[in-house]
Amino acid sequence: MPLPVPVQSVLDLSFSLLFVGPLTVLFWRGTFNTVSNLAFVDLPTFSSRWYPALVLYLTGLLVKISVDLFKQSLRPILATHCTVIQGFSSLIFLYLDATFGVVMWVGGFNLLHVFPSLYWFSLTGVLFLSTSILMFIQAFHCTGGTPLSICTDELKNVFTTSSYFGTPLSICTDELKNVFTTSSYFGTPLSIC
């Protein structure tokens, strides 16, 4: 017998807040500390960290974008394979996405140590600027940490990337092909997918 919807919602929220949220924080913090120790172990000052921090940020960003683009084209292929291959592929893509998300955060965090520095007025300026931009583009909901409902790690959830602007993948792919195959970049509009 299925549970009533309010009871199921309370159980889902409780499980998310008591187990999934803390375990997510532990994963992120452990990965953050590991990447930080590996990248900045021999760099005694914050000012010497800008180059490795920039490399980490750009590497994380490029891998996350590549994983998202590759997931979109791989989903139809994996739909015809067995459950074991689908589950293994989902695990690999989730781990890559999560790990390189942390790599990007480590880079960005250490860049903030260097450029606006750790003075209260510079960090307050960064806070107000980023908050204003997120509110202006109506993307402040992206800052939510613990999900209110848990998405399971199934093929349809892992390989369906939600688009912020609701743009279908075929339009994004066509525009990206146009940008990279056109000899003159001046005549090609840049689209955000």
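1. K71 and D68 lie three residues apart in helix α2, so about one helical turn separates them; helices here are DSSP runs of H or I with at least four residues, numbered from the N terminus. Their side chains meet in a salt bridge at 3.5 Å, N to O, where the term requires a side-chain nitrogen of Lys or Arg within 4 Å of a carboxyl oxygen of Asp or Glu. K71 counts as buried at 8% relative accessibility, whereas D68, at 27%, is partly exposed; buried means under 20% relative accessible area, exposed over 50%, and partly exposed in between, with a 1.4 Å probe and protein chains only.

2. This is a predicted model, in which local features need pLDDT of at least 70 and side-chain atom pairs count only at pLDDT 80 or more, while totals for chains, interfaces and linings use all residues. Residues are numbered from 1 along each chain as its sequence is written, and side-chain values use heavy atoms, with hydrogens and water left out.

3. The count of salt bridges comes to two. Besides the pair already described, D97 forms a salt bridge with K64, with the closest N and O atoms 2.5 Å apart. This pair links distant parts of the chain, since D97 belongs to helix α3 and K64 to helix α2, 33 residues apart. K64 is partly exposed, at 23% relative accessibility.

4. Searching the whole structure gives six aromatic pairs, defined as rings of Phe, Tyr and Trp (its six-membered ring) with centres within 6.5 Å, and classed as stacked for planes under 30 degrees apart, edge-to-face over 60 and tilted for the rest. One of them is F15 with F19, which is tilted because the planes stand at 40°, the ring centres being 5.5 Å apart. F15 and F19 are four residues apart in helix α1 (residues 5-40), about one helical turn, and both are partly exposed, F15 at 43% and F19 at 49% relative accessibility.

5. Another pair is F32 with F109, whose ring centres are 5.5 Å apart and whose planes stand at 75°, so this pair is edge-to-face. F32 lies in helix α1 and F109 in helix α3 (residues 83-114), so the pair ties together parts 77 residues apart in sequence. F32 is buried at 14% relative accessibility, whereas F109 is partly exposed at 43%.

6. As for helix α1 itself, a kink of about 40° is centred on S16, the bend at a residue being the angle between axes fitted to the seven residues ending there and the seven starting there. The buried residues of α1 include S16, G21 and F32.

Methods: Helix = DSSP H or I, 4+ residues; strand = E, 2+ residues; numbered from the N terminus.
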